[in-house]
Amino acid sequence: MMENTILNGTQGRPLRTRVVQVVTSNLGAFQEQSTLENWELPTDSHDLEPLRDAARHLKTTDIPIGFPTETVYGLGADATRSAAVKGIYKTKGRPSDNPLIIHICDLTMLRSLLKPATSDNGHSKITEDPIPDIYKPLIKKYWPGPLTILLPNPQPSKLAPEVTAGLPTFGARMPELPLALSLIKLAGVPLAAPSANASTKPSPTTAEHVHHDLDGKIELILDGGPCDVGVESSVVDGLCDPPVLLRPGGLSIDKIRECPGWENVVKGYKDQSEIGSSAPRAPGMKYKHYSPKASVTLFEATKTNPDMTELPLEIRQAVLSMNPVSGSKNDIPKIGIVSTRNWRNWAGFDHQESKTHGAESHEDVTRVIESDFKEPLERTSCQLQYGEVWVGQKLSDKSTSDEMETSHKGLVARIIAIALGSDTKDIAHGLFSALRELDKRNVDAIYVEGIEDQGDIAAAVMNRLRKAASIIKA
Ligand code: TXA
Ligand code: MG
C-alpha cells in the first residue's frame, strides 16, 4: 500500500489550489442502453489529459478534488479507501453521521459494488442481477441524471465504512455530465462526493464557488463551467413500501411517479414549517444548510403573490434597525433582493433616475449604479442589477444625492437586486449563485421571493430556501 506516502493536506500549512479548465466538448457521449452498462472513454481525446491527472490524484492522495456534475460541484474521493473518504469529511467540516453519495460511471461498476467484496474474484458464478427490480424502470428512464437511489450495502463491502456513516444502505448516482463519468471511469473506482461547499454554505454551481470555499484546503478543482441544474439530486428509497422521496432535487416527484412501482411514492422529508420531533431519514436533511452570511427572509408564494406593498415597509424597518453609526458610505446598510416571478425590480421602490434631484419630499428615491450585470449567472435570463435606493424622506426638494446621503444617516440603504427569471429551471439554476453573489457583496439582509412548490423542481428550490431562511413569511 502507498498509505505512508499519501499526502494529507488538511493538516499543517495551506495547500496550493489549482483550478484547471477542462474542454468539455469531447469527453464521451451517452448512447442508450449500452452506455448505461458500460461508459466508454473517447479514444484519442486530448481533452482527457486533465482528467487523467485528476484520476491519478484521486488514486494516490487522500485529498479530495472539486469536480462538476450537472447538479452542483462535488468534492470527490475514492469511495473504497477510508483515508480518502475521511479527507472529505475533514475538508468540508461535515458531521461524520451524514453519509455520502457514491458516484458511478456505469451499471457494471454499480453491480460490482452490490456484490460482497469476497465474491468478486473474477470467477463469480452469481448470475442474478443484484440491482433490485424496483429501481430498474427509474434507472432506465432517468439515469444518468439527478437521481440518487438507496441500495443495500453488502457485507463485506468494497466501500469504505465511513461513506455510509454506519447505515446498512448506500446512496448511488450516475451523474449525467460526461466530464464526471469519464473522471470516474479513469479513476476506476466509485467516487464518494458531497457538494463541494463548506458545510452550511449554499452548494457550489461554479468552479469559482468551490475555490471560494475550499481554497487552501484542496489541491485541484476541475472547471467544467456552470452546472446546468443548479440544485442537488433527488434521493429516493425504493427498499421500503411505499417507496420514499428522501430529498427533493433535480428530478421532480411527478416524474418519479411516472415509473412502474413508484406511483405511490411518498414524501419523506419535512420542510421548515412541517418539522416536528421526528428525525428526517436522510441524515443530511436535519442540518442547517445553504445559508449565506446575511439573514434570509423568505416570502412564501401564497394564493395571492408575495405582497409587494409589504416589502418596502419591511426593508425600511430593517434599515432603521441597522442604524448605521456614521454617514460614511461603508456604513450604509446593504440589502439583497432575490426576485422570481412577481416582484418588480427594486423591491417596489420605483426607480426614478431623473428625479434624484427633484423628487417630492416623503418620496423614496433610487438611483441605478449598474445594471444588467450578468456574471456569474450566465446561460440563463437571470439578471443582476446593482444600485442604491434611499428609503426615507428627503429634507428638502433641492438637496442633491450626496446631501441626501449625509442628511439621512439612518435612512439610507443600498439595494442589490437579482432577478432570477420566472421559469423554474432558471430559478433553480441561479438560486445558489444569487445567494453567494449577495454574500460576496456583504449584504446585511436578504429578501427572497418564493415560488409555489407544486410539481416540478420548484419543490427542491423551496426546500433549499426554507433551510436557508431564518424568517419565513406566509
Ligand atoms: O446532486 C447531488 O446529489 C450532489 C452531487 C455532487 O452529486 N451531491 C450531494 O451530496 O448533494 P450531499 O452529500 O451534499 O448530499 C447527500 C444526501 C444527504 O442528505 C444524505 O444524508 C443523503 O443524501 N444520503 C446519502 N446516503 C444515504 C443513505 N444511505 N441513507 C439515507 N440518506 C442518504
Ligand atoms: Mg450538500
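**Group meeting: a walk through the model**

I will start with one helix. The buried residues of helix α8 are covered by elements that include β1 (18-21), β3 (74-78), α3 (82-92), β8 (220-223) and α12 (424-440). Before going on, please keep in mind that this is a predicted model.

Which residues of α8 are buried? Helix α8 runs over residues 207-214, and Ala207, His209, Val210, Asp213 and Leu214 are buried in it. Viewed down the axis of α8, these buried residues fall within an arc of 155°, so they line one face of the helix. An α-helix has 3.6 residues a turn, so residues three or four places apart point the same way.

Just after α8 comes glycine 216, with a positive phi of about 90°.

Threonine 17 sits in the segment before β1. Is threonine 17 buried or exposed? Its relative accessible area is 12%, and because the cut-off for buried is under 20%, threonine 17 counts as buried. Leaving out neighbours within four places in sequence, threonine 17 is in contact with His211, Leu214, Asp215, Gly216, Lys217, Ile218, Glu219 and Ile221. Two of its partners have polar distances I can quote. The side chains of threonine 17 and aspartate 215 are joined by a polar contact of 3.3 Å. A polar atom of the threonine 17 side chain also lies 2.7 Å from the backbone oxygen of isoleucine 218.

In soluble globular proteins, nonpolar side chains tend to be buried together. The largest nonpolar core here has 78 residues, and those that touch the most other members are Leu110, Tyr135, Trp143 and Leu222. Helix α7 (residues 178-187) gives this core its largest share, 6 residues. Apart from this core lies another, of 29 residues, including Val231, Leu420, Leu435 and Leu438.

Not counting residues up to four places away in sequence, tyrosine 135 touches Ile149, Leu150, Leu151, Val236, Asp237, Gly238, Leu239 and Trp262.

The peptide bond from tryptophan 143 to proline 144 is cis, with omega near -10°. Proline 144 is in the loop between α5 (136-142) and β5 (147-152). Aspartate 241 and proline 242 are also joined by a cis peptide bond, with omega about -5°. Where is proline 242? Proline 242 lies in the loop between β9 (234-237) and β10 (244-247).

Now for positive phi in residues other than glycine. Alanine 165 has phi near 50°. Alanine 165 is in the loop between α6 (161-164) and β6 (169-173), and at 26% relative accessibility it counts as partly exposed. Asparagine 442 has a positive phi of about 55°. Asparagine 442 is found in the loop between α12 and β17 (445-449), and its relative accessible area of 48% makes it partly exposed.

I will end with a strand residue. Threonine 297 is in strand β12, residues 295-299. Threonine 297 is buried, at a relative accessible area of 5%. What does threonine 297 contact, leaving aside its neighbours within four places in sequence? The contacts of threonine 297 are Ile446, Tyr447, Val448, Ile471 and Lys473.

How values were computed. Residues numbered from 1 in each chain as written. Chains lettered and ligands numbered in written order. Predicted model: local features only at pLDDT ≥ 70, side-chain atom pairs only at ≥ 80, totals over all residues. Heavy atoms only, no water. Helix = DSSP H or I, 4+ residues; strand = E, 2+ residues; numbered from the N terminus. Buried < 20%, exposed > 50% of the residue type's maximum accessible area, 1.4 Å probe, protein only. Contact = heavy atoms within 4.5 Å. Arc of directions from axis to C-beta. Core = buried A, V, L, I, M, F, W, Y, C linked by side-chain atoms within 4.5 Å. Polar contact = N/O pair within 3.5 Å; in protein donor to acceptor, adjacent residues only side chain to side chain.
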